[in-house]
Amino acid sequence: MIRLRRLLFLALFILIPAISARGIALTPSSGGLMRIEGPAPVELLDINTATKDQLKALPGIGDAYSDRIIKGRPYRAKNELTQKGIIPDATYAKIKDMIIAKQPKK
């Protein structure tokens, strides 16, 4: 009985707030069970095919950087943006989790 109380305490006061802080919601479902709902998956923007407007929607990317990204195509890897001097490291740090450099299929 004491073990059960400890488990309930752990679930109510430690795990649930930790899960909620990460953007994951616990919602009731049928049968009295809890369903875990996480954030929707984010689609990465391909820097080899993105339009100028799509690139400008990224944080820290304006007209000048979007033009430079387009002129520097194609990219084998997204980190070439900094290796080729297209954008600064600080800007790359803001967008690196939002972009990808896909290769054309042969």
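Predicted model: local features only at pLDDT ≥ 70, side-chain atom pairs only at ≥ 80, totals over all residues.
**Salt bridges around D63**
- The side chain of D63 meets that of K52 in a salt bridge, with a distance of 3.9 Å from N to O.
- Because D63 lies in helix α3 (residues 63-71) while K52 lies in helix α2 (residues 52-56), this pair ties together parts that are 11 residues apart in sequence.
- D63 also meets K56 in a salt bridge, at 2.9 Å from N to O; D63 is partly exposed at 43% relative accessibility, and K56 is partly exposed at 34%.

**A salt bridge between E80 and K84**
- E80 and K84 form a salt bridge in which the closest N and O atoms are 3.6 Å apart.
- E80 is buried, with a relative accessible area of 6%, whereas K84 is partly exposed at 45% relative accessibility.
- Elsewhere, salt bridges that share partners join K52, K56, D63 and D67 into one network.

- Leaving aside residues up to four places away in sequence, L81 touches I47, I69, Y75, I86, I87, Y92, I95 and I99.
- T91, found in helix α5 (residues 89-95), counts as buried at 9% relative accessibility, and among residues more than four places away in sequence T91 touches P59, G60, I61 and Y65.

Technical notes: Residues numbered from 1 in each chain as written. Heavy atoms only, no water. Contact = heavy atoms within 4.5 Å. Helix = DSSP H or I, 4+ residues; strand = E, 2+ residues; numbered from the N terminus. Buried < 20%, exposed > 50% of the residue type's maximum accessible area, 1.4 Å probe, protein only. Salt bridge = Lys/Arg side-chain N within 4 Å of Asp/Glu carboxyl O.
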